[in-house]
Every structure is written in C-alpha cells, then in structure tokens.
Amino acid sequence: MIDLQVSVPGGDYPVRIEAGLLTQAGGLVEEVHDGHRGLVVMDENVREAHGDTLLSSFGSSWQLARHDLVATEHNKRIETVASIYESSLRAGLDRGSLVIGCGGGITGDVAGFAAASFLRGIDLVLVPTTLLAMVDASVGGKTGVNLLLPDGRGVGKNLAGAFWQPRAVLVDPLVLSTLPTRDVRCGLAECIKHGIISDPGLLEMIAADRESILAVDPDTITALVERAVKVKVSVVQQDEREAGGRASLNLGHTFAHAIEPLDMLDLRHGEAVAIGLVAAATCSHRLGRVDGSMVEQTRNLLEAVGLPTRLSHPVPIADLVAAMRFDKKTRDGQIRLVLPGPRGVEIVDDVPEADVHAAWLAVGAAD
Ligand SMILES: NC(=O)c1ccc[n+]([C@@H]2O[C@H](COP(=O)([O-])OP(=O)(O)OC[C@H]3O[C@@H](n4cnc5c(N)ncnc54)[C@H](O)[C@@H]3O)[C@@H](O)[C@H]2O)c1
C-alpha cells in the first residue's frame with residue numbers, strides 16, 4: 001500500500017492508495033479514529049457499485065448511518081450542508097463521531113464542510129471516487145459550498161467554507177471502473193495543472209500513458225495518483241491556508257470559475273479548468289512570462305486527452321470579466337491571476353485588462 005503523509009498545522013494524516021483498498025476501509029479508519037459512530041455521506045452514483053463494499057468493511061461494533069447525495073454543483077450549497085446536519089442529529093453523532101465523505105469533489109467538499117462545522121468540528125475521513133478528487137480535492141483540507149451571487153449574477157464557486165483536514169484519505173483506484181470517461185478526463189485536467197506547477201515528468205507520463213489512464217488501468221492510475229498527490233502535498237505543506245504558495249493550485253481557476261456556472265457551456269469543473277489553463281498560459285505569454293511554445297504544449301496535451309480548450313459558445317468577454325471579479329483572490333476590485341512564469345506559478349497583481357481580454361479571445365469568447 002502506498003502511504004503518503006501530509007503534515008500541516010491543521011493535522012498530520014495519511015493518503016493511502018491501493019487497488020482493492022475499499023474492502024479494508026473499516027480497519028484503516030480505526031487506525032486514525034477512536035469512536036464507532038458515524039455518518040457516511042455518499043454520492044448516489046457510487047452507492048450501487050461501491051457502497052456495500054465500503055459499508056461491509058466496518059465491523060459490527062460500528063453504528064453507521066448513511067446520507068445520500070446527488071452530486072451536482074447546484075446541490076453544492078448550504079441547504080445540503082443543513083440536511084447533513086439533520087442526518088447527523090438523527091444518527092446521534094456527537095463530538096467523538098465521524099463523517100465519511102465517499103464520492104467526488106462535490107461530495108468531499110460538502111461532507112467536509114459539514115464535518116468542519118457540526119458541533120464546531122468532528123473527525124472526517126475522505127474516500128474519493130473520482131480521479132479529480134483523488135489527486136486534488138480530497139487532499140489539503142479545503143471544504144465548502146457555492147453561493148448565489150447578488151443581482152441574479154449566477155453562482156459564485158466555493159465562496160463559503162472552511163479549512164478542515166481529514167484524518168485520512170483512502171484511495172482505491174478500482175472504484176474508477178464505473179466513472180464515466182468524461183470525468184476521468186476532468187481529473188486529468190487537474191493532473192496537468194499539477195505537472196505545470198512543479199513536475200514536468202508528470203506531463204510526460206500523461207502523454208505517454210493516456211490510453212491506459214483513460215481505460216482506468218489500476219496500475220497506471222495508482223502511479224498517476226501517487227505522482228500527482230505528491231505535488232499537491234508538497235504545495236499544501238508549505239502553505240496550508242493559502243497565504244502564498246498554495247495559490248499556485250488555482251492556476252487557470254479564475255478563468256474557470258467564470259465559465260463553469262454558465263449552463264449554456266455545460267462544463268464540468270475539470271473541463272472549465274482545462275480551458276482556464278489555456279487562458280492563463282495565453283495571458284502569461286502576452287505578459288512575456290512564458291514563450292509561445294508553453295501555450296501550445298499545454299493546449300496540445302489537454303486536447304490529446306480529449307479535454308476542451310475553447311468555449312462551445314462565444315460568451316461576451318465583458319460578462320466573463322465581471323464574473324472574475326467575484327473570485328476569492330480579488331482585492332479592492334482588482335483581478336489577480338495565478339500565472340505560469342520563469343520562477344514557477346505565482347500570483348500576478350494588476351494584470352492589464354487588455355491581456356485578460358486577449359486570453360478570453362484565445363479560448364473563443366466574444367468581443
Ligand atoms: N477542495 C478542494 O481542494 C477542491 C479541489 C479541486 C476541485 N474541487 C471541487 O471538486 C468538484 C469537482 O469534483 P469532481 O470532478 O470529482 O465532481 P463530482 O463530485 O461532481 O463527480 C463527477 C461525477 O461523477 C460521479 N461519480 C463520482 N464517482 C463515481 C464513480 N466512482 N463511478 C461513477 N460515477 C461517479 C458523480 O456522481 C458526478 O456525477 C468541484 O465542485 C470543485 O470545486 C475541490
């Protein structure tokens with residue numbers, strides 16, 4: 001079993017990776033948590049194929065209740081957290097109890113926020129079931145929900161939440177056997193982001209192994225998850241609460257968060273990130289921070305694994321720039337972007353609007 005340790009002020013915990021690990025989940029949980037009462041917040045799309053395997057791995061001393069979740073961005077909201085509180089009360093959870101989040105990034109973010117706030121915080125274990133959640137969302141302690149923006153401006157991503165580290169992250173690559181290929185690709189968008197941040201070899205691995213990754217071959221997925229998680233662990237260990245370097249993980253995300261909520265584009269988070277990575281690279285090139293080949297390499301790799309790099313509809317740039325101002329990095333109304341550059345990926349203040357505009361044009365937005 002691969003065992004990667006995360007060590008941050010909010011807690012030390014393992015990310016354990018092994019094909020078939022779900023059958024041992026109960027025992028692994030007992031290594032990090034003392035109680036025997038918990039609530040399993042489970043993605044409805046995971047329940048049928050993997051729910052019983054997870055639940056039956058817990059011994060008879062456990063009292064586990066289940067809260068099923070329809071994992072959509074629409075449901076990633078405070079009312080869903082409130083309904084998890086209600087399930088927690090019905091199940092008699094106390095301060096010694098546990099929340100287990102079993103699903104993709106939406107399930108982990110919502111279950112994590114419920115665990116962070118119920119009784120002012122109880123233990124959390126995450127069992128990610130999408131590639132995206134394995135390599136990114138379940139590691140690092142960010143939890144939260146979306147908020148509705150004022151004046152009918154749509155959805156603001158992840159605008160309420162908390163940092164709350166899990167006690168363990170349990171990764172079983174076999175659960176990806178039921179994940180639609182579209183969602184496997186979404187996970188690859190975050191892996192490519194990690195490669196750009198600090199591991200060019202990861203980009204080579206994705207290019208070379210893309211067929212077996214998309215076929216969710218367990219050995220290839222294990223190697224990919226291990227390598228991508230190492231990037232995430234190294235970033236969050238240096239900066240748990242995003243005071244500085246952790247912002248690099250937001251590469252492409254200020255662009256992505258502006259397009260992800262638009263129904264007409266029908267983009268999953270990872271797809272929006274893919275387009276955002278191209279926009280960020282283009283913006284960086286305009287600012288003279290990277291050369292044109294970096295933009296091309298990024299676009300080519302994303303397209304090689306089947307991810308979108310352009311908008312399917314020409315959304316007006318003015319609307320997208322207005323949405324970007326609700327990004328959490330904005331200060332005094334000034335858009336700040338996370339961009340690649342000669343010293344690695346970093347926050348850039350005062351990006352001229354003309355360059356943001358050009359970046360949007362390059363991914364198919366309308367003047
Ligand atoms: N907390 C963080 O640090 C962090 C980092 C990156 C992304 N995120 C968040 O993660 C979310 C995206 O995560 P995601 O891509 O995992 O989306 P998701 O949770 O919506 O899962 C994608 C789809 O796959 C289904 N699914 C999940 N596991 C499955 C399985 N094994 N078999 C079949 N179907 C399965 C889900 O029901 C859903 O339809 C976004 O809300 C994003 O903001 C959080």
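Modeller: In what follows, a helix is a DSSP run of H or I with at least four residues, a strand is a DSSP run of E with at least two, and both are numbered from the N terminus. Aspartate 151, for instance, sits in the loop between strand 7 (142-148) and strand 8 (155-163). The model is a predicted one.

Let us begin with the chain as a whole. It contains 13 helices and 11 strands. Its C-alpha trace spans about 60 × 45 × 35 Å along the principal axes. A compact globule of 367 residues would have a radius of gyration near 21 Å, and the 20 Å of this chain agrees with that. Buried residues make up 48% of the 367.

The part to examine closely is helix 10, which covers residues 269-286. Two packed helices are described by the angle between their axes and the distance between the axes. Helix 10 packs with helix 6 (residues 181-198) at an angle of about 40 degrees, and the two axes are 7 Å apart. Because of that angle, helix 6 is oblique to helix 10. The crossing of the two is left-handed. On the side of helix 6, the contact is made by Arg185, Cys186, Gly187, Ala189, Glu190, Ile192 and Lys193, while helix 10 contributes His269, Gly270, Glu271, Val273, Ala274 and Leu277. By class, the residues of this contact comprise 6 nonpolar, 3 polar and 4 charged.

Helix 10 also packs with helix 13, here at about 135 degrees and with the axes 8 Å apart. Helix 10 is therefore oblique to helix 13, since roughly perpendicular applies from 65 to 115 degrees and roughly antiparallel over 145. The crossing of helix 10 and helix 13 is right-handed. Val278, Ala279, Thr282, Cys283 and Arg286 of helix 10 meet Asp355, Val356, Ala358, Ala359, Trp360 and Ala362 of helix 13 in this contact. There are 8 nonpolar residues in the contact of helix 10 with helix 13, together with 1 polar and 2 charged.

Helix 6 leads on to another partner, helix 8 (residues 218-238). The axes of helix 6 and helix 8 come within 10 Å and cross at roughly 55 degrees, so these two helices are oblique to each other. Helix 6 passes helix 8 in a left-handed crossing. Here Cys191, His194, Ile197 and Ser198 of helix 6 touch Leu224, Ala228, Val231, Lys232 and Val235 of helix 8. The classes in this contact are 6 nonpolar, 2 polar and 1 charged.

Valine 290 lies in the loop between helix 10 and helix 11 (292-304). Valine 290 counts as buried because it has 22 C-beta neighbours inside 10 Å, and the cut-off for a buried residue is 20 or more. Leaving aside residues up to four places away in sequence, valine 290 touches Ala281, Ser284, His285, Pro340 and Gly341. Valine 290 and arginine 241, by contrast, are 49 residues apart in sequence, and their C-alpha atoms are 28 Å apart.

Glycine 341, one of the residues that valine 290 touches, belongs to the loop between strand 10 (337-339) and strand 11 (346-348). With 14 other C-beta atoms within 10 Å, glycine 341 is partly exposed. Apart from residues up to four places away in sequence, its contacts are Ser284, Arg289, Val290 and Glu346.

Aspartate 350 counts as exposed because it has 8 C-beta neighbours inside 10 Å. Its phi is near 55 degrees, a positive value in a residue other than glycine. Aspartate 151, with which we began, likewise has a positive phi, near 60 degrees, and is not glycine. With 5 C-beta neighbours inside 10 Å, aspartate 151 counts as exposed.

Key. Residues are numbered from 1 along each chain as its sequence is written. This is a predicted model: local features need pLDDT of at least 70, side-chain atom pairs count only at pLDDT 80 or more; totals for chains, interfaces and linings use all residues. The radius of gyration is taken over C-alpha atoms; the globule rule is 2.2 Å times the number of residues to the power 0.38. A residue is buried if 20 or more other C-beta atoms lie within 10 Å of its own, exposed if 12 or fewer, and partly exposed in between; C-beta atoms are placed from the backbone. Axes are lines fitted to C-alpha atoms, for helices over the stretch in contact, and angles run from 0 to 180 degrees between N-to-C directions. Angles under 35 degrees count as roughly parallel, over 145 as roughly antiparallel, 65 to 115 as roughly perpendicular and the rest as oblique. A crossing is left-handed if the near helix is turned anticlockwise from the far one by less than a right angle, and right-handed if clockwise. Two residues are in contact if their C-beta atoms, placed from the backbone, lie within 7 Å. Ala, Val, Leu, Ile, Met, Phe, Trp, Tyr, Cys and Pro count as nonpolar, Asp, Glu, Lys and Arg as charged, and the others, Gly among them, as polar.
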